[in-house]
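Please look through the structure below and keep it in view while reading.

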Amino acid sequence: MQRGVVEGSKGVIFETIPEKLDMNLPKTFRIADFGCSTGPNTFFAMKNIIEAVMLKHQSTLETNLQKNTPEFHVSFNDQVDNDFNTLFKTLPLNRPYFAVGVPGSFHCQFLPEASLHIAHSSYALHWLSKVPPQVMDKGSPAWNKGKIYYAGNEKEVTKAYFAQFKADMDAFLKARAQELVEGGLVVVQIPGVPNSKVLPSQIGGGLNCEFLGDSLADKVKMGVITEEKLDSFNLALYLPSIEEVKMVVEMNKCFTIEKICALSHPSNYHSRPLDIERTCADIRAINELEPHAGSFRE
């Protein structure tokens, strides 16, 4: 599924980077992938970006403004407990870049000021830095009793999750504003809902969360886990609409939006008939690797 997102964004990247990258290419061109995981999707994403930058380079050559092909330096970023060993063991042997691992939260700055030319993040910014505390507070109107994430139909719960998403996106953009050189670009793909009228529970990612939540609720009925245990667990994710992403970027004021659009998955992933085994594999692949509130992985 995530590979399809990378492929689905390729056309937009090839169109936008050569047009919007506002600089003469330096001798060393630096890219960072925020939320790289363990590969190989990050390698395909970096390949696409480098090829798009080279299109920019070729157009520059035609105007005789630059003669030397830049060297590429890629920083792979993810949480400190990410499996960087697997990532670096599977690096493409013929890669056209130097590679380095940079562990840490992408909500903070950890690259030198004005050192980065393109910041990239795919299928990562919907993960929040933490679960909104209100949704686990029994005295709060946003208490998310019996649920493991926001479904979009409980107003106070949704407000709490969106507030956390806004704070995290603001921190991410402010950190990238420090790291990027003038004229650099931030390129992101975020899973979300088509518009604010569509509930997360009505689309693929949210529906998978519903399946997982219902399964845990069944475990409560079976006496396998307690109701208190279920109420202590929430997924730290938010699936925004395009309108919400635009709102957060405009409020942040560090960047202008050069292009924003909805991407189509090349394999029409979400329009296929429900496949139980594939759905279970998807949920395990995503949720067993991500930090959440609670401890159901015991």
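**A walk through the model**

Helix α1 has a kink of about 40°, and the kink is centred on K10. Keep in mind that this is a predicted model. Helix α1 covers residues 2–20, which makes 19 residues. At 1.5 Å a residue, the helix should span 27 Å, and its end C-alpha atoms are 25 Å apart, so the two values agree.

Which residues of α1 are buried? They are G4, V5, V6, S9, I13, T16 and I17. An α-helix has 3.6 residues a turn, so residues three or four places apart point the same way.

Now take the whole protein. It has eight helices and five strands. Starting at the N terminus, the order of the elements is α-β-α-β-α-β-β-α-β-α-α-α-α. The radius of gyration is 20 Å, close to the 19 Å that the globule rule gives for 298 residues, so the protein is as compact as a globular protein of that length. Along the principal axes, the C-alpha atoms fill a box of roughly 70 × 40 × 35 Å.

Of the 298 residues, 43% are buried. The other percentage concerns contacts between residues at least 6 apart in sequence: 79% of these join residues at least 24 apart.

The next stop is the loop between β1 (28–34) and α2 (41–62), where P40 is found. The peptide bond that runs from G39 to P40 is cis, with omega near 0°. S37 also has its place in the loop between β1 and α2. Although S37 is not a glycine, its phi is positive, at about 60°. Is S37 buried, partly exposed or exposed? Its relative accessibility is 29%, so S37 counts as partly exposed.

K253 is not a glycine, yet it has a positive phi of about 70°. Its place is in the loop between α7 and α8 (276–287). With a relative accessibility of 73%, K253 counts as exposed.

G206 lies in helix α5, which covers residues 204–221. The relative accessible area of G206 is 0%, so this residue is buried. What does G206 touch, leaving out residues up to four places away in sequence? It touches Y149, P200, S201 and L239. G206 and L237 are 31 residues apart along the chain, and their C-alpha atoms are separated by 9.7 Å.

E182 lies in strand β5, residues 180–189. At 79% relative accessibility, E182 counts as exposed. Leaving out residues up to four places away in sequence, E182 touches D22 and M23. From E182 to S121 there are 61 residues in sequence, and the distance in space is 19 Å, C-alpha to C-alpha.

The last topic is the aromatic rings. The structure holds 13 aromatic pairs. One of them is formed by F165 and Y238, whose ring centres are 5.3 Å apart. The planes of these two rings are at 35°. Planes under 30 degrees apart count as stacked and those over 60 as edge-to-face, with the rest called tilted. The F165 and Y238 pair is therefore tilted.

Where do the two partners sit in the chain? F165 is in helix α4 (residues 155–179), while Y238 is in the loop between α6 (227–231) and α7 (242–252). They are 73 residues apart, and the pair links distant parts of the chain. Both F165 and Y238 are buried. The two also belong to one aromatic cluster, formed by Y149, Y150, Y161, F162, F165 and Y238.

Notes. Residues numbered from 1 in each chain as written. Predicted model: local features only at pLDDT ≥ 70, side-chain atom pairs only at ≥ 80, totals over all residues. Heavy atoms only, no water. Phe/Tyr/Trp six-rings, centres within 6.5 Å; stacked < 30°, edge-to-face > 60°. Helix = DSSP H or I, 4+ residues; strand = E, 2+ residues; numbered from the N terminus. Buried < 20%, exposed > 50% of the residue type's maximum accessible area, 1.4 Å probe, protein only. Expected span 1.5 Å × (residues − 1). Bend = angle between axes of the 7 residues up to and from the residue. Rg over C-alpha atoms; globule rule 2.2 N^0.38 Å. Contact = heavy atoms within 4.5 Å.
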